[in-house]
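The sequence and the structure are shown first, and the description follows.

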Amino acid sequence: MGVLGVASSGPLIAATLGATSVSALAIAFWRNAIGAAVMAAPTLIREPAHFRRVTKREFRWSLLAAVALAFHFACFITSLQLTSVAAATALVCLQSAWIAVFQLFRGTRHRWQVLAGLGIAFGGVVAITGFDMGSSPEALLGDLLAVAGGALAGLYTLAGGKARQSMTTGTYTTLCYGMCAVLVAVLALLGGQPLVGFEAAGWLGIAAITVCAQLVGHTAFNHLLASMGPLLVSMIILLEIPGAALLAALFLNEKLPAGTYAGLALILVGLAVVVLGQKPGKAGRRGRTTTTPQEDGPPDRPLAELGTD
C-alpha cells in the first residue's frame with residue numbers, strides 16, 4: 001500500500017494538472033494543509049500539551065524543514081508539467097543520494113559502496129537529461145526542477161531528523177506541514193496561482209493525491225520504520241521509481257525513449273547500492289546517539305534519514 005501510495009503521486013498530479021484548472025501550488029497547499037489537520041487531531045485530543053512544549057531549537061529545525069518542503073513541492077509538481085512522470089519521479093527520488101552528499105560535506109565518512117552508488121545514480125541523471133535535452137528545452141527544464149526538488153527533499157529530511165530527535169511524530173508533522181502550507185500560500189499569492197475556485201474534477205484530484213500520496217503512502221512507511229527497520233523500508237521505497245513509470249504508461253499512455261528507461265534503471269541501481277552501502281559499520285557507528293522507543297525519536301541507524309516524496 002505504501003509503494004502504491006507514493007508511486008501514484010506523480011501520475012495523479014500529472015493527470016490533475018493536465019485535465020483540470022488546478023494549479024501546481026494549489027496541490028502543494030491542500031495536501032499539506034489537510035495533512036497537517038489530520039496529523040494534528042490525535043495529538044490535540046490525547047496530548048495537547050506537546051504543542052505548548054515546543055522549544056526554539058525544535059521550531060527552527062521544523063521551520064527549515066517546512067521551507068525546504070515548500071520549495072520541494074513547488075519544483076517537483078511544476079516539473080511534472082514539463083517532463084515525463086517517470087523521469088521526474090526518478091530524479092526527485094535522488095533525495096537519498098543528496099542526503100549522502102550533504103553528509104559528505106558535513107564530514108561524514110561513507111563506505112566505498114555509497115560513493116559508487118552515487119556515481120551510478122548520477123550517471124542515470126546524465127542519461128535522462130541528455131535525452132530530454134534533445135527532445136525539448138521544456139523537458140530539460142523539468143528535469144532540472146526535479147533534481148532541485150530531490151535536493152530540497154534531502155534537506156527537508158535532514159532537518160526533520162534533527163527536529164524528530166525530541167519531537168513526537170504528530171507534533172512535528174503538524175508544525176512542519178502547517179508552516180509549509182502557509183509558505184506555499186504566500187508563493188501562490190506572489191505567483192498569481194489560485195488556491196480555490198476549481199471544478200469538481202480538480203477537487204477530486206486534490207483529494208486523491210492527499211489520501212494516496214500524503215496519508216496512505218507516507219503513513220505506511222512511517223509505521224513500517226518501527227517494525228521492519230529502515231534498511232528494508234528504504235529498499236521497498238525504491239519501487240516508487242518503476243511503480244510511477246508503470247502507472248504513467250498504463251493510465252497516461254506515457255511512452256519514453258529507450259535511453260530514458262536506461263537512465264531510470266541506472267538511478268534505481270545506484271540508489272539501491274547507496275542504501276545497501278549505508279549498513280551500519282565502523283564509520284556509521286561513530287558519533288551516533290542511542291534512542292529508545294519511549295523517547296519517540298528517530299531510529300538509531302543512519303538509514304533513518306533516507307526518505308521519499
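A pocket is defined on a 1 Å grid over the protein atoms alone as an open set of points where a 1.4 Å probe fits, with protein on both sides within 12 Å along at least five of seven lines; lining residues have an atom within 4 Å of a point. Grid points are joined across faces, edges and corners, and a volume is the space filled by probe spheres set on the points. The model is predicted, so local features need pLDDT of at least 70 and side-chain atom pairs count only at pLDDT 80 or more, while totals for chains, interfaces and linings use all residues. Residues are numbered from 1 along each chain as its sequence is written, and side-chain values use heavy atoms, with hydrogens and water left out.

**The second largest pocket**

The second largest pocket holds about 200 Å³ of space. Its lining consists of Met39, Pro42, Thr43, Arg46, Glu47, His50, Thr168, Thr169 and Gly170. Two helices, H3 (24-46) and H10 (169-191), each contribute at least two residues to this lining, and H3 provides the largest share, four residues. Helices here are DSSP runs (H or I, at least four residues) and strands are runs of E (at least two), numbered from the N terminus. By residue class, the lining comprises two nonpolar, five polar and two charged residues. In this scheme Ala, Val, Leu, Ile, Met, Phe, Trp, Tyr, Cys and Pro are nonpolar, Asp, Glu, Lys and Arg are charged, and the others, Gly among them, are polar.

**Overall fold and burial**

The chain has 15 helices and zero strands. Of its 309 residues, 48% are buried, where buried means under 20% relative accessible area, exposed means over 50%, and partly exposed lies in between (1.4 Å probe, protein chains only). Contact means heavy atoms within 4.5 Å. Among contacts between residues at least 6 apart in sequence, 84% join residues at least 24 apart.

Helix H7 (residues 95-105) is mostly covered, with eight of its 11 residues buried. These buried residues are Gln95, Ser96, Ala97, Trp98, Ile99, Ala100, Val101 and Gln103. After H7 comes Gly107, which has a positive phi near 95°.

**Aromatic pairs**

Rings of Phe, Tyr and Trp (its six-membered ring) pair if their centres lie within 6.5 Å; planes under 30 degrees apart count as stacked, over 60 as edge-to-face and the rest as tilted. The whole structure contains five aromatic pairs. Two of them are set out below.

| Pair | Centre distance | Plane angle | Class |
|---|---|---|---|
| Trp98 and Phe122 | 5.6 Å | 75° | edge-to-face |
| Phe198 and Trp203 | 5.5 Å | 55° | tilted |

Trp98 belongs to helix H7 and Phe122 to helix H8 (residues 112-135), so their pair ties together parts that are 24 residues apart in sequence. Phe122 is partly exposed, at 26% relative accessible area. In the other pair, Phe198 is buried at 9%, whereas Trp203 is partly exposed at 32%. Ring pairs also join Phe29, Trp30, Phe198 and Trp203 into a cluster.

Leu69, in helix H5 (residues 56-79), is buried with a relative accessible area of 4%. Not counting residues up to four places away in sequence, Leu69 touches Asn32, Tyr156, Cys176, Tyr177 and Cys180. Leu69 and Cys180 lie 111 residues apart in sequence, yet their C-alpha atoms are 6.5 Å apart.

Ile128 is located in helix H8 and is buried, with 0% relative accessibility. With residues up to four places away in sequence left out, Ile128 touches Ala87, Leu91, Asp143, Thr260, Gly263, Leu264 and Ile267. Ile128 and Leu140 are 12 residues apart along the chain, and 8.9 Å separates their C-alpha atoms.

**Cysteines**

A disulfide is a covalent bond between the sulfur atoms of two cysteines; the criterion applied is a pair of cysteine sulfur atoms within 2.5 Å. The structure holds zero disulfides. Cys180 is thus in none, and the nearest cysteine sulfur, that of Cys176, is 6.4 Å away. Cys180 is buried at 0% relative accessibility, whereas Cys212 is partly exposed at 29%.

**A positive phi in a loop**

Most residues other than glycine have a negative phi. Asn253 is not a glycine, although its phi is positive, at about 55°. Asn253 sits in the loop between helix H13 (240-251) and helix H14 (258-277), and is exposed, with a relative accessible area of 53%.
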